[in-house]
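Keep the structure open beside the text as you read.

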Amino acid sequence: MPKASRKLEAGEPLFAGSPRPASISGKSTVDWTGFREALGGVETLTDPSRVKKRSRDFFWYSPILNRELAGCFGDLVVLPKSEDELARCLALAADWRVPVTIRGGGTGNYGQAVPVDGGLIVDMTRMNAILEVGPDFIRVQAGARIATVNRVLSEHGRELPIYPSTEEIATIGGFIAGGSGGIGSIREGMLRDQGNILALSVYSVEKAPRRLIFVGEEANAIHHAWGINGVIADLTLRTVPKRDWVDVLANFPDYPQAFFTAAALGALPRFDLKLLTTIDSRIVAMIRHLEGHVPAGRDLLSAMVAREQLADFEVFIMARGGKLNSARDGRTDGSLPPVSEFSFNHTTLQVLKADRSVTYLQITLSDLESAALIADLRVTFGDEVLMHHEFALLEGRLVAFDLPVVRFTSEARLYEIMDIYRAHGCLISDPHRWTIESGGIKPDYRHLAWKKRLDPHDLLNSAKSRSWQEVKHLSPEDIGQL
């Protein structure tokens, strides 16, 4: 048998006289037994069922992505516990030319954590230490659960300015690498705004991995790049004073009334909100946890409101024809999940629990004063598209992100629906394509210039960028000028 530390040549059997064992992905000719032994004690997972489980994220929200990605698997999972172990994994991957996919909690929706090319999955969840809590920042390893980060910050009277609805499962590194906004965006904007990301420590994939620190605006070249241009090891993030947030449910007789009440609330500086959501009554009816909490046929406005503003909030709601259902501490009152469980793509998940045939879209509405827009689209779509809006600041301006529940019939019809939204002046971020460019969040090629520098062997999740396939032959300087 060849020595474990030696790379096998293509076609060379692992055991003399025996054929090479088939890879889990079906795309690899790597001696994975030898690779695993060469890691020198780094924890690994080799059982095919466990490897396949860590090859998935929530791409199945999309029937199109489910068709295209359900058969994509890695070959070996590594779980480094330290930066030294992480560097060892990346160095060996570079030496053996093994494709690499970085994974956190696997809560992404677009296949960010799916190893399209097979190969090595680096599960970051063992690197989860809180490294430093400062007066207005926190430094934490990439694999820490976001809920854990917020619990630690709470002991210091602080909280993250923005976090996802999946905070109990999602890792902070995965959120920064794959997310863009979330709970808190109504007051803090997007992750890329206002110094929310202070610094990222990033490793290259080379025989001698380099550790680089991206500070301030530079960090946006790594943020939301899906781990294709470097491996985030730790993060320094801004924190904000913790507020006593109250979860509020209010109902309205029709959806436009709920929507425009929310738009008016979001535009008023006197209301301090952490979350502001509106949900169509037909979606409400499909969410089991809301049964008995919202009257049948009523449209929902939910929010996280500073406790001292609750009375004024209720007066505002009632003056616009709404009625307050409940106001409670969403983290300690067990009678109903926190309102965050019915926000962003958690809303989609709640509906999918009842009906796996539906899907969703991601649409940005910038004109929040056009009463005709909401009414016209509801008439146009009828029961096919059910609206759900999240209010947020985008480039300092209040917008509404519509994540509607769509009754899926065909891919062609789904894209017809997107075109109807576009014709009404809405911006589409396509959640049914698994390349970065489909989301439209990277306006330039800086992230690909860094990929050329930090991933010289083209190993990091490269299939997830169609632009990379077009520019990878260029120098980093030339790519950066595009």
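## About the model

This is a predicted model, in which local features need pLDDT of at least 70 and side-chain atom pairs count only at pLDDT 80 or more, while totals for chains, interfaces and linings use all residues. Residues are numbered from 1 along each chain as its sequence is written, and side-chain values use heavy atoms, with hydrogens and water left out.

## The chain as a whole

The protein chain contains 16 helices and 22 strands. Both are DSSP runs numbered from the N terminus: helices are H or I with at least four residues, and strands are E with at least two. Along the principal axes, the C-alpha atoms fill a box of roughly 80 × 50 × 45 Å. The radius of gyration is 23 Å, which agrees with the value near 23 Å for a compact globule of 482 residues. That radius is taken over C-alpha atoms, and the globule rule is 2.2 Å times the number of residues to the power 0.38.

Of the 482 residues, 57% are buried; buried means under 20% relative accessible area, exposed over 50%, and partly exposed in between (1.4 Å probe, protein chains only). Take the contacts (heavy atoms within 4.5 Å) between residues at least 6 apart in sequence: 71% of them join residues at least 24 apart.

Two strands count as paired if DSSP finds at least two bridges between them.

E18 and E21 (residues 405–407) run antiparallel to each other and are joined over 2 bridges. Here Leu386 stands opposite Val405 in E21.

## Two residues with positive phi

Most residues other than glycine have a negative phi. Arg97, although not a glycine, has a positive phi of about 60°. Look for Arg97 in the loop between helix H4 (83–96) and strand E3 (100–103). Is Arg97 buried, partly exposed or exposed? Arg97 is partly exposed, because its relative accessible area is 43%.

Asn461 is not a glycine either, and has a positive phi of about 50°. Asn461 sits in the loop between helix H14 (446–454) and helix H15 (466–471). With a relative accessibility of 6%, Asn461 counts as buried.
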